[in-house]
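Welcome! Please take a look at the structure below, and then let us walk through some of its features together.

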Amino acid sequence: MGEKNDVFCAYLGKEDIFADFMNGTIFEGRKEIVPEELEAVPEAYHEGKTGGAGAGKRGRYRDVAKKRYRGGSCCVLTVENQNELHYAMPARCMEYDALEYARQLRKRKAQHRRKKDLKGSARFLSGLTPEEKLDPVVTVVFYHGNKKWEACRSLHGMLNFNGENEVFRKYTADYRMNLYTLEDLNEDRFTTGLRDVIALMKRSRDKEAMKEYCRSNEERFQEMEEETYDVISVMIDHRRLEDYKERNRVEGGRVNMCQALNEMMEESRQDGLRIGEKRGEKIGEKKGEKKLAALIGNLMRDSRTEDVEKAVRSEAFRRKLYREYGMR
């Protein structure tokens with residue numbers, strides 16, 4: 001799945017971060033979900049069992065999945081993280097949702113079989129009573145890759161309705177993804193450390209914008225939670241921040257992200273200058289070698305063999321000869 005997706009999935013696994021993510025995306029900042037209402041659910045689906053136990057099972061795995069319980073109602077909330085474009089994402093998410101509904105049906109059927117309380121062929125065949133309802137499933141796709149999302153956002157976008165197939169469009173069920181890219185997100189809608197993770201991810205290619213954001217939120221960045229610091233270092237491709245964490249620790253196990261970023265950027269600038277100087281020296285050496293070779297060629301042409309050895313030994317004499325031959 002990739003390091004970034006792994007790290008972000010682990011971060012979203014925390015109930016407070018997951019609730020904040022859902023509130024900041026599908027609810028546009030409204031506090032519709034609270035961490036205390038969330039419960040982790042299995043992220044793996046298995047289907048197609050044949051033969052012995054576990055044989056022939058096909059596995060499908062959600063990135064992050066939680067159940068929200070409130071007032072006797074339950075909803076399954078899931079997040080799929082994407083760092084790369086996925087041209088079949090609508091079909092993939094639709095399959096995940098269908099597998100979740102199928103799991104709920106199997107659970108209901110198993111409960112009724114144990115109770116032996118389904119009367120009538122319709123109920124027995126369905127595994128449900130007319131009054132029973134399944135828990136809704138909401139899937140959010142978070143795309144944080146570098147390329148612009150150019151893949152389909154719904155199942156219809158993946159289907160061929162050209163030519164004679166157009167007549168079937170309105171009869172074909174669609175599936176629309178809840179897709180959010182970094183461009184879609186407003187960091188001010190988040191209230192946990194996720195706010196700064198999202199903000200710096202959006203600015204990761206602009207060092208000045210990152211520094212300005214840090215300055216604008218200096219009080220919070222001077223005492224950042226270590227977990228948030230670690231997630232940011234991976235998500236913005238600055239793993240070198242790990243090298244600056246220990247010497248920028250503050251009380252309470254927190255880290256001064258502002259100072260760490262400044263130190264890292266300054267050291268990167270100095271590294272760049274040193275690399276530039278070395279490259280300049282190498283280029284100068286090559287140019288000097290070519291110039292000396294040309295001078296020696298001129299001296300040999302003019303039968304000035306004694307001046308060749310003198311020119312190699314004395315820089316002052318070389319400069320005099322360069323002027324003599326009009327070489328700059």
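Which side chain meets that of lysine 14 in a salt bridge? The partner is glutamate 227, with N and O 2.7 Å apart. Glutamate 227 sits in helix α8 (residues 226–235) and lysine 14 in the loop between α1 (3–12) and α2 (15–25), so this pair ties together parts that are 213 residues apart in sequence. Keep in mind that you are looking at a predicted model.

Both partners are partly exposed: glutamate 227 has a relative accessible area of 34%, and lysine 14 has 28%.

Arginine 249 belongs to strand β9 (residues 249–250) and glutamate 226 to helix α8, so the pair ties together parts 23 residues apart in sequence. A network of salt bridges links Glu226, Asp230, Glu242, Lys245, Glu246 and Arg249.

Glutamate 166 also forms a salt bridge, with arginine 169, where the closest N and O atoms are 3.0 Å apart.

## A buried valine

Now turn to helix α5 (residues 194–202), where you will find valine 197. This valine is buried, with a relative accessible area of 1%. Beyond its neighbours within four places in sequence, valine 197 is in contact with Phe8, Tyr11, Thr228, Val231 and Ile232. The C-alpha atoms of valine 197 and valine 231 are 7.2 Å apart, although 34 residues separate the two along the chain.

Lysine 115 is part of helix α3 (residues 89–115) and is exposed, at 61% relative accessibility.

Notes
Residues are numbered from 1 along each chain as its sequence is written. This is a predicted model: local features need pLDDT of at least 70, side-chain atom pairs count only at pLDDT 80 or more; totals for chains, interfaces and linings use all residues. Side-chain values use heavy atoms; hydrogens and water are left out. Helices (H or I, at least four residues) and strands (E, at least two) are DSSP runs, numbered from the N terminus. Buried means under 20% relative accessible area, exposed over 50%, partly exposed in between (1.4 Å probe, protein chains only). Contact means heavy atoms within 4.5 Å. A salt bridge is a side-chain nitrogen of Lys or Arg within 4 Å of a carboxyl oxygen of Asp or Glu.
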